Amino acid sequence: MTNQPITVMYKWTAKPGKLDQLKQIYSHVTEAMKQNEPDTSAVHCYISEKENALYVRDEFQGAGAVAFHLQKTAGPHFGDLLEIAVPGPFFFLGDVPTEIQQATEQMGLGAEFATHVFGFERESAQA
């Protein structure tokens, strides 16, 4: 598996009246990632009351971290999430191996994949 950073951005649209429950499940997922996934660099969740949706941006240090997340952290919550929300789209940004792409297809995430072409990062002024 590659060791290049991978960012995953996605949306869960809550079923009517289920947005608070969706936020609660994701707070547990986020805490599990913080405690058990040292190769996850960051997780950011955003809520849209208007869209009745939760938007998430996960940043992984590499494909191994994505695979671990899908199997160990996300997997156990997936059934509960499907009961209260509709997944997708999911955007995987980076060098995602074929086996992970196939796994996301089996999960029905409506995933799209793109490799990095160019860009830059600034060092934070806050240290």
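Biologist: Quick one: by class, what makes up the lining of the largest cavity?

Modeller: That lining has 15 nonpolar, 2 polar and 1 charged residues. Here Ala, Val, Leu, Ile, Met, Phe, Trp, Tyr, Cys and Pro count as nonpolar, Asp, Glu, Lys and Arg as charged, and the others, Gly among them, as polar. This is a predicted model, where local features need pLDDT of at least 70, side-chain atom pairs count only at pLDDT 80 or more, and totals for chains, interfaces and linings use all residues. Residues are numbered from 1 along each chain as its sequence is written, and side-chain values use heavy atoms, leaving out hydrogens and water.

Biologist: How many cavities of 30 Å³ or more are there?

Modeller: The structure holds 1. On a 1 Å grid over the protein atoms alone, a cavity is a set of points where a 1.4 Å probe fits but cannot get out, a pocket is an open set with protein on both sides within 12 Å along at least five of seven lines, and lining residues have an atom within 4 Å of a point.

Biologist: Which residues lie closest to the centre of the largest cavity?

Modeller: Tyr10, His69, Leu70, Ala74 and Phe90, out of 18 lining residues.

Biologist: And which helix gives the most to that lining?

Modeller: Helix 2, with 7 residues. Helix 2 spans 63-84, and strand 4 (85-93) also supplies at least two lining residues. Helices (H or I, at least four residues) and strands (E, at least two) are DSSP runs, numbered from the N terminus.

Biologist: Switching to the largest pocket, which residues lie nearest its centre?

Modeller: Pro5, Thr7, Leu93, His116 and Glu121, from a lining of 17 residues. By class, the pocket lining has 6 nonpolar, 8 polar and 3 charged residues.

Notes
Points joined across faces, edges and corners; volume = space filled by probe spheres on them.
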